[in-house]
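Have the viewer open as you read.

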2 protein chains.
Amino acid sequence: MSFIEELKKRKSDVDEAITHMFQKEKAHPLWGHMAYYPEAGGKKLRPFLAMITAAAFGEDEDKAIPYGVAIELVHNFTLVHDDIMDKDEKRRGRKTLHKKIGEPRAINAGDGLFALAFKKLVEIDVEGETLRRLLDELSTSVVKVAEGQEEDISFEGSYEISEEDFIEMIEKKTSYLFRAATRGGAIIGGGDEKQVEEMGEYARKMGIAFQIQDDYLDLIGEEDKIGKDVGSDIKEGKRTLMVIKSLNELPSDDKERLIEILEEEENTDVEVREAIGLLEKAGAIEYSRELAEEYAQQAKEHLRLIPDGEHKDILEGLVDYIISRDK
Amino acid sequence: MSFIEELKKRKSDVDEAITHMFQKEKAHPLWGHMAYYPEAGGKKLRPFLAMITAAAFGEDEDKAIPYGVAIELVHNFTLVHDDIMDKDEKRRGRKTLHKKIGEPRAINAGDGLFALAFKKLVEIDVEGETLRRLLDELSTSVVKVAEGQEEDISFEGSYEISEEDFIEMIEKKTSYLFRAATRGGAIIGGGDEKQVEEMGEYARKMGIAFQIQDDYLDLIGEEDKIGKDVGSDIKEGKRTLMVIKSLNELPSDDKERLIEILEEEENTDVEVREAIGLLEKAGAIEYSRELAEEYAQQAKEHLRLIPDGEHKDILEGLVDYIISRDK
């Protein structure tokens, strides 16, 4: 089976669990709002990671589904709130939730999803003390995601961000949920301390590569694949590795022009292309591609404690997929 | 010891636990934002309830502190987000968090508090399977709080709300966290199913009385005690039991005038007094006082499974305090 087929197989199991969860309660309007993002698609990468990791340590992968669904719900709640904070209008090809139902309702629906995630943990078929560890993994990770979000907000309006601070921020915002998925999967699978640790490092590095690729796709992708406007990050003045690298590398004239475009409220397509030209001139696009590949390579090395075989292949395949995907 | 002294004694234990938690990490700006509400005061009623209930069933009350702190953090996260949704400017005599740091950061700080609440559960010194039950209690309650909030938002702009729907909404928004506190306290204290159930009903009814009193104080209280403008609910057009009752009881001329005042963007103090006059004319203020007292009485009856003694007295004293407090 190809990697994509492996991913799709689990995605349909996870989608079914999610649909089932929301169907029971959909009479209440809150539940309709909560279901809007989880049911709109998404690759369900986090549940996939939890399931494959549990299986890599010899456990039935289905046992990790409730934990995976919990992380997926957390991920979706962060999307709902991030879209409000970033004033984004489109997500997965549809209106963002707050554009559809207003900010107050959307803030609240995000909160509901968050609570539902922790309620989902209750169902995990493990010993109580193992559940305690999983609760610790997930809750600690979400605190880190919030720290990352605060850092991200603090970058707005700043043009002096070090690459190190930026990587730390995306580590928190993006890697921590991947990390919770693999660490939790390893715990459910009965992995020892060292194995849990290594699987966490695998996910941490993979998450960084994932985010760099995400930002790359925003510039280079096709609108109907990525589900939003190409170049939307430039239009929104978002700090990405490519932007930060360019601000640190470009001669001052170019740097000023880039800042000008990033700061403008409304950018024309010509300006977006000009900004992309400046990133290219700084070598930032190539640099970020190379860095993503380096993190991807390092991620794979952390799989060394997993015995060779089907699941290790899938986890390696996931890393390759992450940095070569077009959506 | 008087009831107030009992309350203050536990408040200082809980405050210490909270301060300690935030002190460790305050270097990160997120942690400063998260600490803003929990450290600003509040009566810490929910931890108090959990502690006294655990003690009523023979357990050391300190054992319930981490659970109580978790509920308190959840309560504070709901305040942060509610203040954003309601566009409130003052809370506990200070600027609301979003007025201080902006909406995006405040949404995120609320999320961080929420995550921290669930992280706190990990510390509870109970068997893993008991922890699972506590996780279920708290997460289920927060989903209910979100349902209540959605219902509350849906009431805005409506003048045809039944008393029944209104009570259901405040039950979810307010009672459910009190209920989680007493049910969890009973679980930690080793109470049986029936006792957990009865303690939940005690809190459910007490919570309704609490909310009715809260809305009453908004009209009748003193600004420096309640920490916000008197009559702010009228100015904001908020639906309270008194308003709903009046809309259902007043002759059509008066009803129209009341709606006019509630809908106006900026109300003068004269208009606020006029609105209060209309509520009085409808008998709604007296009615809501009586209903609060009825719920308070019913709440006390649910204490019948607790043996007579110190803790039962405190739980009865709490109900009396709830409906007679001036802040």
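What follows covers the symmetry first, then the rings.

This is a predicted model, where local features need pLDDT of at least 70, side-chain atom pairs count only at pLDDT 80 or more, and totals for chains, interfaces and linings use all residues. Residues are numbered from 1 along each chain as its sequence is written, chains are lettered from A in the order in which they are written, and side-chain values use heavy atoms, with hydrogens and water left out.

Turn chain B by 180° with a shift of 0.0 Å along the axis and it lands on chain A with an RMSD of 0.0 Å (least-squares superposition on C-alpha atoms of residues with pLDDT of at least 70 in both). That's the relation of a two-fold axis. In chain B, Gly128(B) has the C-alpha nearest the axis, 1.8 Å from it.

Now the rings: there are 16 aromatic pairs over all chains (Phe, Tyr or Trp rings, the six-membered one for Trp, with centres within 6.5 Å; planes under 30 degrees apart are stacked, over 60 edge-to-face, the rest tilted). Two of them:

| Pair | Centres | Planes | Type |
|---|---|---|---|
| Phe3(A) and Tyr321(A) | 5.3 Å | 40° | tilted |
| Phe178(A) and Phe210(A) | 5.1 Å | 70° | edge-to-face |

Phe3(A) is buried at 16% relative accessibility, and Tyr321(A) is buried at 14% (buried means under 20% relative accessible area, with a 1.4 Å probe and protein chains only). Phe178(A) and Phe210(A) are buried too.

Phe77, Phe114 and Phe118 of chains A and B form one aromatic cluster.

Note on methods. Buried < 20%, exposed > 50% of the residue type's maximum accessible area, 1.4 Å probe, protein only.
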